[in-house]
Amino acid sequence: ESFMMAKGDWVDWSDAAEETSGALGGVIDIDDPSIKAYAVPVDEPYTDVPADAWYHDEVIRASELGFMGGYGDGTFGPEHKLLREQAAMVMWNALGEGATDAPAADRSDVAQDEWYSNAVNWVVASELINGYDGSDKFGVGDPLTREQFACIIANAAGADLSEQDTSVLDGYVDGD
């Protein structure tokens, strides 16, 4: 409780105090000193994620875990729609372990020299995000729907949905 760092070594303050107590005449008891700590507040990593926002802690945690990052301008974009290539990046960051050896995705809208290339290649090869049925497109630049995200999560979990009771969707106007 009375240790401090001095000249690169931990020093017991009370031992140091005993050496100088004669000079102080025993007037000051510095065996268990009160310590004031000063610190500089840590800046928030994103200018558009207020500390009191309901999603603040989750955004920071996802960022710290390396699942998601912000834009180059210091923003996170909490109100932005998640694009399909961004979802690929999140899945690649979370599950792909930085794999860069997946074959080039055979999708006409996937450029192989973009920031998302490795991630899209990996999710397509891993069959997590397949692109649009009946099309040669992945959907680069398209926002992800909740339905599509549910499919991605089911694919990532390896869920066998062939026997799934879909009647739960009957309660939604867009359930079909």
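Helix α4 (residues 117–125) is mostly covered, with seven of its nine residues buried. Buried here means under 20% relative accessible area, exposed means over 50%, and partly exposed lies in between, using a 1.4 Å probe on protein chains only. The buried residues of α4 are Ser 117, Ala 119, Val 120, Asn 121, Trp 122, Val 123 and Val 124. They pack against α3, where contact means heavy atoms within 4.5 Å. Helices (H or I, at least four residues) and strands (E, at least two) are DSSP runs, numbered from the N terminus.

This is a predicted model, in which local features need pLDDT of at least 70, side-chain atom pairs count only at pLDDT 80 or more, and totals for chains, interfaces and linings use all residues. Residues are numbered from 1 along each chain as its sequence is written, and side-chain values use heavy atoms, with hydrogens and water left out.

**Confidence and overall layout**

The mean pLDDT of the protein chain is 86, and 78% of its residues reach 70 or more; pLDDT is the predictor's confidence in each residue, from 0 to 100. Confidence is lowest in helix α1 (residues 13–24), at a mean of 59, and highest in α4, at 96. The chain has five helices and two strands, and along the sequence they follow the pattern β-β-α-α-α-α-α. Of its 176 residues, 27% count as buried. Among contacts between residues at least 6 apart in sequence, 51% join residues at least 24 apart.

**Cores**

In soluble globular proteins, nonpolar side chains tend to be buried together. A nonpolar core is taken here as a set of buried Ala, Val, Leu, Ile, Met, Phe, Trp, Tyr and Cys residues joined through side-chain atoms within 4.5 Å. The largest such core has 20 residues, and those with the most contacts inside it are Ala 88, Val 120, Trp 122, Val 123, Ile 129 and Phe 138. Helices α3 and α4 are the elements that give two or more residues to this core. Setting aside neighbours within four places in sequence, Ala 88 is in contact with Ala 119, Val 120, Val 123, Ile 129 and Phe 138. A second, separate core of seven residues includes Tyr 46, Tyr 55, Val 59 and Phe 76.

**Pockets**

On a 1 Å grid over the protein atoms alone, a pocket is an open set of points where a 1.4 Å probe fits, with protein on both sides within 12 Å along at least five of seven lines; lining residues have an atom within 4 Å of a point. Grid points are joined across faces, edges and corners, and a volume is the space filled by probe spheres set on the points. For the lining classes, Ala, Val, Leu, Ile, Met, Phe, Trp, Tyr, Cys and Pro count as nonpolar, Asp, Glu, Lys and Arg as charged, and the others, Gly among them, as polar.

| Pocket | Volume | Lining by class |
|---|---|---|
| Largest | about 1000 Å³ | 19 nonpolar, seven polar, four charged residues |

The largest pocket has a volume of about 1000 Å³. Of the 30 residues that line it, the closest to its centre are Met 68, Phe 76, His 80, Leu 82 and Val 90. The elements that give two or more residues to this lining are α2 (56–64), α3 (84–96) and α5 (146–157), and the largest share, seven residues, comes from α3. Of its 17 lining residues, the closest to its centre are Arg 146, Glu 147, Ala 150, Cys 151 and Leu 169.

**Leu 82 up close**

Leu 82 is found in the loop between α2 and α3, and at 30% relative accessibility it counts as partly exposed. Not counting residues up to four places away in sequence, Leu 82 touches Met 68, Ala 87, Asp 142, Pro 143 and Leu 144. Leu 82 and Gly 141 are 59 residues apart in sequence and 9.3 Å apart in space, C-alpha to C-alpha.

**Two positive phi values**

Most residues other than glycine have a negative phi. Glu 97, in the loop between α3 and α4, has a positive phi near 50 degrees; Glu 97 is exposed, with a relative accessible area of 75%. Just after α4, Glu 127 takes a positive phi of about 60 degrees. Glu 127 lies in the loop between α4 and α5 and, at 56% relative accessibility, counts as exposed.
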